[in-house]
Each structure stands twice: as structure tokens, then as C-alpha cells.
Amino acid sequence: MKLVYKFDRVISLWKMEAHLNEPVMYDVNYDTKEILIYTTRPGWLIGKAGCLINKYTELMKEEWSIFKGFKFKETRNWVY
């Protein structure tokens, strides 16, 4: 399975567990081995006391052994 599909699968599972129905976009930086996640609700993905981010960081390390971690960029939705 291609690495990008593994990323998609892990992030989809993470969204479901966090009960996040809003769109999430991500970008992989292969130089720093990090994934930047764009979302309107980063706290939902981080979880209480970091429980979700810790869990999914470990899951991602199983899929991509050189993975270093996640970074978040909070976005805003505009309604006109």
C-alpha cells in the first residue's frame, strides 16, 4: 500500500475518534518527517491531555518508521 494511502487511513480514523466532522487537510514534509494538519479545531484532534495525538503519533510511527510528529495550523471558515 502506498504511504499516502496509509496517511489517509490513519487521519480518517483519527477524525472519527475525535468526532470531528469538519474537513481536514494535511501536507507531508518528507525532509523533516512531519505532517502538518490544517483544521478549524486542532484541539479536538489533540484530545484531552494529548491522549489522541499521542495515540495517533504512535500509529503513524508504525506506518512510517521515520515519522517525527504532527504540527497543526488552525484555519478559519469564512461565510459570506
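Tutor: Leu13 lies in helix α1. Please bear in mind that this is a predicted model.

Student: How is the packing of two helices described?

Tutor: Two packed helices are described by the angle between their axes and the distance between the axes. In this structure, the axes of helix α1 (residues 3–18) and helix α3 (residues 51–63) come within 10 Å, crossing at roughly 160°.

Student: Which relative direction do α1 and α3 take, roughly parallel or roughly antiparallel?

Tutor: Angles over 145 degrees count as roughly antiparallel, and α1 and α3 are therefore roughly antiparallel to each other. The crossing in which α1 passes α3 is right-handed.

Student: Which residues make the contact?

Tutor: On the α1 side they include Leu3, Phe7, Val10, Leu13 and Trp14. On the α3 side, Leu52, Ile53, Tyr56 and Met60 are among them. By kind, the residues of the contact of α1 with α3 comprise 10 nonpolar and five charged, with no polar ones.

Student: Is Leu13 buried, partly exposed or exposed?

Tutor: Leu13 has a relative accessible area of 35%, so this residue is partly exposed.

Student: Where is Thr40 found, and why does Thr40 count as buried or exposed?

Tutor: Thr40 is in the loop between β2 (34–39) and α2 (42–46). Buried means under 20% relative accessible area; Thr40 counts as buried because its relative accessibility is 17%. The side chain of Thr40 is also joined to that of Glu22 by a polar contact of 2.7 Å.

Student: What separates Leu13 from Thr40?

Tutor: Along the chain, Leu13 and Thr40 are 27 residues apart, and their C-alpha atoms are separated by 18 Å.

Terms used: Residues are numbered from 1 along each chain as its sequence is written. This is a predicted model: local features need pLDDT of at least 70, side-chain atom pairs count only at pLDDT 80 or more; totals for chains, interfaces and linings use all residues. Side-chain values use heavy atoms; hydrogens and water are left out. Axes are lines fitted to C-alpha atoms, for helices over the stretch in contact, and angles run from 0 to 180 degrees between N-to-C directions. Helices (H or I, at least four residues) and strands (E, at least two) are DSSP runs, numbered from the N terminus. Angles under 35 degrees count as roughly parallel, over 145 as roughly antiparallel, 65 to 115 as roughly perpendicular and the rest as oblique. A crossing is left-handed if the near helix is turned anticlockwise from the far one by less than a right angle, and right-handed if clockwise. Contact means heavy atoms within 4.5 Å. Ala, Val, Leu, Ile, Met, Phe, Trp, Tyr, Cys and Pro count as nonpolar, Asp, Glu, Lys and Arg as charged, and the others, Gly among them, as polar. Buried means under 20% relative accessible area, exposed over 50%, partly exposed in between (1.4 Å probe, protein chains only). A polar contact is a pair of N or O atoms within 3.5 Å; within protein, one must be able to donate a hydrogen and the other to accept it, and residues adjacent in sequence count only if both atoms are side-chain atoms.
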